[in-house]
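Hello,

Here is the structure we talked about handing over. Please open it first, then read the notes below.

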Amino acid sequence: MTTLRQFTCNDLFLFNNVNLDFLTETYNLGFYLHYITTWPDYNYVVNAAESNRMMGYIFGKAEGKGDKWHGHVTAVTVAPEFRRLGMAKRLMNILEIVSEKIYDTYFVDLFVRKSNALAINMYKSFGYVIYRTVLGYYSGEEDAYDMRKALPKDVKKSSMVPLEKPVPAYQLDND
């Protein structure tokens with residue numbers, strides 16, 4: 001049995017089992033606090049009900065302007081011992097619902113390491129497409145894919161039409 005609820009400041013003391021994974025991007029305390037206070041609707045945690053052990057979490061935000069207004073998955077991660085149980089899908093679904101119903105966005109996007117084939121295939125199975133390649137996104141050393149999924153507001157799904165040329169990380173804006 002699991003519990004899905006909003007991420008709180010107290011959860012910052014409980015997420016080491018999730019964050020101590022080499023594929024998980026870890027941020028400083030101020031970063032997490034900024035998200036918790038600025039976009040509380042976007043941040044969720046899944047806990048094992050019987051032990052209250054954190055199984056995974058998602059952090060996101062809304063950004064952009066006009067038809068580039070979108071939900072962004074900043075971090076989604078599941079502890080290794082709880083992977084392949086549908087936790088990531090559950091967390092992504094809640095972020096997509098928040099993006100559509102609360103923030104009325106056109107699409108959801110995320111960045112993923114080009115080398116992380118498992119995650120790329122998982123996101124594809126959730127309906128995401130590779131929109132573009134971002135050069136040097138991870139500390140200037142590794143490229144990323146910007147993956148997107150259109151929401152109902154993007155009737156023509158124009159947000160998912162892939163770009164042909166890669167973009168350097170320093171040229172990213174809120175699109």
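Let me begin with the lining of the largest pocket. Its residues divide into 22 nonpolar, nine polar and twelve charged. The pocket holds about 1100 Å³ of space. It is lined by 43 residues, and the closest to its centre are Leu23, Val76, Asn116, Ala119 and Tyr123. Strands S3 (54-63), S4, S5 and S6 and helices H3 and H4 each give two or more residues to the lining. S4 gives the most, with eight residues.

A word on confidence. This is a predicted model. The average pLDDT for the protein is 91, and 99% of the residues score at least 70. Helix H1 (residues 16-19) has the lowest confidence, at a mean of 80. S5 has the highest, at 97.

Next, helix H4, which spans residues 117-125. Ala119, Ile120 and Tyr123 are its buried residues. Seen down the helix axis, they fall within an arc of 100 degrees, so they line one face of H4. Leu118 and Ser125 are exposed on the other side.

What do the buried residues of H4 pack against? The partners are strand S4 (70-78), helix H3 (87-102), strand S5 (107-113), strand S6 (129-138) and strand S7 (142-150). After the helix comes Gly127, with a positive phi near 100 degrees.

Helix H2 covers residues 29-38, and its buried residues are Tyr32, Tyr35 and Ile36. These too fall within an arc of 100 degrees when seen down the axis, so they line one face of H2. They pack against H1, S3 and S4.

Phe15 sits in the loop between strand S1 (2-6) and H1. Is Phe15 buried or exposed? At 6% relative accessibility, Phe15 counts as buried, because the cut-off for buried is under 20%. Leaving aside neighbours within four places in sequence, Phe15 is in contact with Phe7, Tyr32, Met54 and Tyr57. Tyr32 is one of the buried residues of H2. Phe15 and Thr38 are 23 residues apart in sequence, and their C-alpha atoms are 20 Å apart.

Asp146 lies in strand S7. Asp146 is buried, with a relative accessible area of 0%. Which residues does Asp146 contact, leaving aside neighbours within four places in sequence? They are Asp109, Leu110, Phe111, Val129, Ile130, Tyr131, Arg132 and Val134.

Gln171 is placed in the segment after strand S8 (167-168). Its relative accessible area is 47%, which makes Gln171 partly exposed. From Gln171 to Leu135 the separation is 36 residues in sequence and 9.7 Å in space, C-alpha to C-alpha.

Best wishes

Technical notes: Residues are numbered from 1 along each chain as its sequence is written. This is a predicted model: local features need pLDDT of at least 70, side-chain atom pairs count only at pLDDT 80 or more; totals for chains, interfaces and linings use all residues. Side-chain values use heavy atoms; hydrogens and water are left out. Buried means under 20% relative accessible area, exposed over 50%, partly exposed in between (1.4 Å probe, protein chains only). Helices (H or I, at least four residues) and strands (E, at least two) are DSSP runs, numbered from the N terminus. The arc is that of the directions from the helix axis to the C-beta atoms. Contact means heavy atoms within 4.5 Å. pLDDT is the predictor's confidence in each residue, from 0 to 100. On a 1 Å grid over the protein atoms alone, a cavity is a set of points where a 1.4 Å probe fits but cannot get out, and a pocket is an open set with protein on both sides within 12 Å along at least five of seven lines; lining residues have an atom within 4 Å of a point. Grid points are joined across faces, edges and corners, and a volume is the space filled by probe spheres set on the points. Ala, Val, Leu, Ile, Met, Phe, Trp, Tyr, Cys and Pro count as nonpolar, Asp, Glu, Lys and Arg as charged, and the others, Gly among them, as polar.
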